[in-house]
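Here is a walk through one protein model, taken charge by charge and then strand by strand. Keep the viewer open and follow along.

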Amino acid sequence: MGEGGRTHYPRTAHLPWSPGAAPDDVRAGGLAGFAGREVVVTEKLDGENTTLYADGLHARSLDSAHHPSRAWVKALQGRIGARIPAGWRVCGENVYARHSLPYDELESYFYGFSVWDGRGGCLGWDETVTFLRGLGVPTPPVLWRGVFDERALRRLRVDTSRQEGYVVRTVDGFPGEEFGRRVAKWVRGGHVQTGTHWMHAAVTPNGLGPGAALWDVRSGAGPDAHALLAALGVAEGDAGAASEVGARVGGHGDVRLAGVLAGLLWREPRGTLPGRLAPALGLPLARRAADLVGLRGALQRPYPDDERRAGLVRMSYAVELDVLHAVAAATAPDEEAREQVEWSGLFAEEVGAGVTDGAFGDLEGDVAARCRGEARIAYAEGRISVPEEAVAATWRWRDGRFPRLVQLVGPSGSGKSAFARGLPGICAYVSLDGIREERGDRADQRANGDVLREGLARLDAALAGASTGGTVVWDATSLTPHQRSLVHAVARRRDALITHAVVLVDEDELLRRNAVREHRVPGDVLAAQLRRFVPPYPGQVHRTWYIGARETVEEEA
């Protein structure tokens, strides 16, 4: 440990095939520390090694003096330092100043690459990414991940005109004394190309990309509405509401960003918002922001006090309640609505964190989903309050002898059927379009009532036949709560595990797919579907899968 609890970042050894090793550089004595272990390879950025603490920072030298290129990262430390535990340190690259490589599309001027705990141990890579994202700090791009394979790493192609090299580290964490065996680098030859050292020249800032505005909000900075809209590809938003939410929400990371974006975009239709935001945010965060938009209005209206707790508990399965109240207050249309939000906030203070975390650690897959879902319902209704009661209340489903229902949800052509075809263990498939086709015309909507009754009867019979564990798929748009409730009633009668498989695709992508599909939906029909689309929230059934444009589950809620 260095001065005042400060610690030098260790010198990283060069891999044997690294062309940029100078005579005085450290070379890896062997690769035994990687053998048989999963490793992650990240881009080596051309910046200044910097370490952040709860109460300060330094460059590689513990007594590094002030330099204009360090002003930005000092401001970052001021925003996030309180969230770094005492004795911990965050190590990364300060890329504010241009060194020998120019950057034009950075997500931030600081990228974290390792986190060290109070005992001097380096966190595992996945823990590192999660911790840093919670602070609002990005990590360098991942170039490769897998069990260590020297031949695969030697084949990695690096664009030396814009990349300095790469760093290899074990995915697992390790004690500080193991650093030399668990971390190594490859650096391009002649990587220092400037005639004057960058610290003695005028500072030329690197360029930031659109995503930098998102990371600024994650790290606690005030939201720049114009930059956020540009990053999301959205034309208009409510800058005042976004600013108010940013001031009200004290956290960092995706939780804060979701709230700010919900304040900015609260006038957007919730049904199409997740697909629209997913390219910039990823589907889980886009879904969370959209659910904040959808739920905020419920807090602005009068609500029976004896039902508030149950309603707030259910909302908490979708979003963080403190963030939801911040969004609702910032977007309230009048003083009466604000008073309703404040009153709701008093009730929210009494809502606990739930009883299911850790209560079902010995269960897996569908059984865990069923028991967890039933416990969440029971907790919301006030029938249980502690983990022991949750276990007792769900004992009957632990043998897995119950039918499984997967209810597809999404507009026509969104990819529901393509996703469902890849599900394992399907014993029955009920499709309303298929029933129409049996009746003579897949597109004929005139007998929808009869088709629905036939479909529900087939569903009932299929679930009865799957009572010991088979999976039944319900294939229809299921756009509204009422449409979904008819299916839920049958599933509850047959004691089924209910899974919503919700497809959230950008509207432009949906139109493109519809234009080339075999059974094309008329444009006015598809537009009407999008207007009616009310995606289900997490917690409304036992389990919810959110499926993106790649037709894979991107979030399980």
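**Charged pairs, a charged patch and a sheet**

R276 and E268 join their side chains in a salt bridge, with 2.7 Å from N to O. This is a predicted model. How exposed are the two partners? R276 is partly exposed, at a relative accessible area of 32%. E268 is also partly exposed, at 21%; the buried class would need a value under 20%.

A search of the whole structure finds 40 salt bridges. Side chains of opposite charge can pair when their charged atoms come close.

Turn to D55 and R6. Their side chains meet in a salt bridge of 2.9 Å, N to O. D55 has 58% relative accessibility and counts as exposed, whereas R6 is buried at 17%.

A further pair lies at higher residue numbers. E554 and R550 form a salt bridge at 3.7 Å, N to O. E554 is partly exposed, with a relative accessible area of 24%. R550 reaches 64% and counts as exposed. Elsewhere, salt bridges that share partners tie R270, R287, D291 and E555 into one network.

Next, look at charges outside such pairs. D334, E335, E336, E339 and E342 form a negative surface patch. Members of a patch must have over 30% relative accessible area and no salt bridge. E336 clears that area cut-off because its relative accessible area is 52%, which also makes E336 exposed. In the fold, E336 belongs to helix 13 (residues 335-348).

Five strands make an open sheet in the order 1-11-9-2-8, and the pairing is mixed. Which strands stand at the edges? They are strand 1 and strand 8 (142-147). Each has a single partner strand, so one side of each is left without a neighbour in the sheet.

Strands of a sheet pair through backbone hydrogen bonds, either parallel or antiparallel. How do strand 1 and strand 11 (residues 183-187) run, parallel or antiparallel? The two run parallel, joined by two bridges.

Note on methods: Residues numbered from 1 in each chain as written. Predicted model: local features only at pLDDT ≥ 70, side-chain atom pairs only at ≥ 80, totals over all residues. Heavy atoms only, no water. Salt bridge = Lys/Arg side-chain N within 4 Å of Asp/Glu carboxyl O. Buried < 20%, exposed > 50% of the residue type's maximum accessible area, 1.4 Å probe, protein only. Patch = residues over 30% accessible without salt bridge, like charges linked within 9 Å, V, L, I, M, F, W, Y side chains within 5 Å. Areas by Shrake-Rupley, 256 points an atom, 1.4 Å probe, with all protein chains shown as cover. Lys, Arg positive; Asp, Glu negative; His and termini not counted. Charge placed at Lys NZ, Arg CZ, Asp CG, Glu CD. Helix = DSSP H or I, 4+ residues; strand = E, 2+ residues; numbered from the N terminus. Pairing = 2+ DSSP bridges.
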